[in-house]
Amino acid sequence: MSIPFLDLKASYDALAPAIDEAVARAVSSGWYIGGPELARFEQAFAGFCGAAQAVGVANGLDALHLALRALDVGPGDEVIVASNSYIATILAVTMVGATPVLVEPDPRTHNLDPARVAAAITPRTKALLPTHLYGQPADLDPLQALADEHGLKLIEDAAQAHGCAYKGRRVGAHGDVVAWSFYPSKNLGALGDAGAVTTDDATLADRIRTLGNYGSHVRYVNEVQGVNSRLDPVQAAALDVKLAHLDAWNRRRAEIAARYLAAFAPLDLELPFVPEWATPAWHLFVIQSDDRDGLQQRLAEAGVQTLIHYPIPPHLQKAYADWGYGAGDFPIAERLASRVLSLPIGPQMSDAQVDAAIAAVRRAA
Ligand SMILES: Cc1ncc(COP(=O)(O)O)c(C=O)c1O
């Protein structure tokens with residue numbers, strides 16, 4: 001049996017009549033920018049997140065970038081990010097001309113370690129930007145306490161975290177603003193690129209909407225130098241259909257994760273650690289192995305597709321060679337990059353596929 005990492009076509013097939021109907025409705029409405037489909041989805045997504053406001057944007061990178069801009073983060077400001085986050089988190093900071101300050105994660109949770117964050121705060125720090133990596137919530141309370149103490153903004157990268165909860169409350173309105181990606185493979189994925197921000201702050205939401213609309217409230221009247229970053233109504237219509245299934249799909253992910261955790265406990269692998277306050281969205285199920293590359297090869301031979309999130313930490317990327325970092329500068333991020341392996345997990349995985357993946361990992365580990 002061959003097991004894909006994630007079967008996006010199966011996710012579409014599961015809801016095909018409803019998605020087709022919603023897309024046709026959006027197309028035939030004549031609204032191709034903004035309009036009722038977008039408004040309906042924004043309202044539904046804000047409600048899902050427990051946030052007062054949601055603003056659709058073109059993708060997750062723009063969600064982060066516009067959130068930073070709307071909070072006036074720019075040149076001379078430092079933004080604290082995890083040294084093992086996806087490159088987009090860091091790109092958003094450099095896009096606004098601010099300086100990303102890489103802070104090593106807690107090696108067990110893979111998320112920003114509040115103690116290390118505290119040590120990295122300087123007079124130039126303007127914001128904390130934790131990522132809820134792999135769908136595991138970052139430890140928000142101590143980060144918020146640090147933000148309050150030092151007068152910082154708390155911006156969350158929730159691109160992998162749709163539906164995850166921190167201390168029983170869904171991620172989406174803890175910090176000042178939360179950035180989301182609806183890239184097709186996310187827990188809530190569009191039929192192409194899409195993103196959003198959520199916040200309880202109506203003024204901030206309006207600033208982000210304006211920045212993403214050429215800096216304009218009124219057509220041809222430009223208040224600030226904005227960009228074009230809008231969530232299109234066809235995507236919004238499809239996302240609205242999928243949103244109604246997100247909880248059920250996340251429950252299926254959690255079932256698979258529970259089976260993996262139980263089955264792999266006796267093996268010589270490091271398994272995801274879930275703090276007692278975390279309800280993960282299980283975007284990814286990431287194990288660690290001393291022989292990661294060999295394990296990946298053996299699983300591929302057994303027909304099990306795996307991926308690595310991420311093989312090169314940001315400080316060693318050529319794109320940031322001018323920072324002058326080298327191997328050994330962020331040992332936790334580097335160790336994770338050499339050991340992590342993401343196993344197949346997705347709402348459409350059948351029990352037979354989960355059984356086969358478990359058997360293959362048992363043989364290969
Ligand atoms: C943690 C994280 N941040 C940001 C992004 C950027 O999202 P997008 O691809 O929609 O720009 C992604 C996903 O790609 C991500 O995984």
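User: Is Arg 252 buried or exposed, and what is its relative accessible area?

Analyst: This structure is a predicted model, and every value discussed here is computed from it. To read burial, one takes the relative accessible area of a residue; buried means under 20%. Arg 252 has a relative accessible area of 16%, so it counts as buried.

User: Which residue does the side chain of Arg 252 meet in a salt bridge?

Analyst: The general idea is that side chains of opposite charge can pair when their charged atoms come close. In this model the side chain of Arg 252 meets that of Asp 351 in a salt bridge, at 3.0 Å from N to O. Arg 252 belongs to helix α9 (residues 233-264) and Asp 351 to helix α12 (residues 351-364), so the pair ties together parts that are 99 residues apart in sequence. Asp 351 is partly exposed, because its relative accessibility is 46%.

User: How many salt bridges does a search of the whole structure find?

Analyst: The search finds 17 salt bridges. Among them is the one between the side chains of Asp 291 and Arg 298, at 2.9 Å from N to O. Asp 291 has a relative accessible area of 37% and is partly exposed; Arg 298, at 33% relative accessibility, is likewise partly exposed. Salt bridges may also be linked to one another: Glu 21, Arg 25, Glu 37 and Arg 40 are connected in a network of them.

User: How should I read aromatic pairs, and how many are found in the whole structure?

Analyst: One reads the distance between the ring centres and the angle between the ring planes; planes under 30 degrees apart count as stacked, and those over 60 as edge-to-face. The search of the whole structure finds 13 aromatic pairs. One of them joins Phe 41 and Phe 45, which are stacked, with 5.7 Å from centre to centre and 20° between the planes.

User: Where do Phe 41 and Phe 45 lie, and are they buried or exposed?

Analyst: Both residues are in helix α3 (residues 36-49), where they stand four residues apart, about one turn of the helix. Phe 41 has 1% relative accessibility and therefore counts as buried. Phe 45 is also buried, with a relative accessible area of 0%.

User: What arrangement do the rings of Trp 323 and Tyr 325 have?

Analyst: Their centres are 6.1 Å apart and their planes stand at 75°, so the pair is edge-to-face. Trp 323 counts as partly exposed at 27% relative accessibility, and Tyr 325 counts as partly exposed at 39%.

User: Which residues form one aromatic cluster with Phe 41 and Phe 45?

Analyst: The cluster consists of Phe 41, Phe 45, Phe 48, Trp 180 and Phe 182. Arg 108 lies over the face of Phe 273, at 3.7 Å from the ring centre.

User: Which of the 13 residues around the ligand come nearest?

Analyst: To read a ligand site, one begins with its surrounding residues and then examines individual atom pairs. Of the 13 residues around the ligand, Gly 60, Asp 157, Gln 160, Ser 181 and Lys 186 come nearest. Gly 60 has a backbone N or O atom 2.7 Å from an oxygen atom of the ligand. In the side chain of Asp 157, an N or O atom is 2.7 Å from a nitrogen atom of the ligand. Gln 160 places a polar side-chain atom 2.8 Å from an oxygen atom of the ligand.

User: How much of the ligand's accessible area does the protein cover?

Analyst: On its own, the ligand has 390 Å² of accessible area, and the protein covers 91% of it.

Notes: Residues are numbered from 1 along each chain as its sequence is written. This is a predicted model: local features need pLDDT of at least 70, side-chain atom pairs count only at pLDDT 80 or more; totals for chains, interfaces and linings use all residues. Side-chain values use heavy atoms; hydrogens and water are left out. Rings of Phe, Tyr and Trp (its six-membered ring) pair if their centres lie within 6.5 Å; planes under 30 degrees apart count as stacked, over 60 as edge-to-face and the rest as tilted. Helices (H or I, at least four residues) and strands (E, at least two) are DSSP runs, numbered from the N terminus. Buried means under 20% relative accessible area, exposed over 50%, partly exposed in between (1.4 Å probe, protein chains only). A charge sits over a ring if NZ of Lys or CZ of Arg is within 6 Å of the ring centre and within 35 degrees of the ring normal. A salt bridge is a side-chain nitrogen of Lys or Arg within 4 Å of a carboxyl oxygen of Asp or Glu. A residue is near a molecule or strand if one of its heavy atoms lies within 4 Å of it. A polar contact is a pair of N or O atoms within 3.5 Å; within protein, one must be able to donate a hydrogen and the other to accept it, and residues adjacent in sequence count only if both atoms are side-chain atoms. Accessible areas come from the Shrake-Rupley method with a 1.4 Å probe; for residues, only the protein chains shown count as cover.
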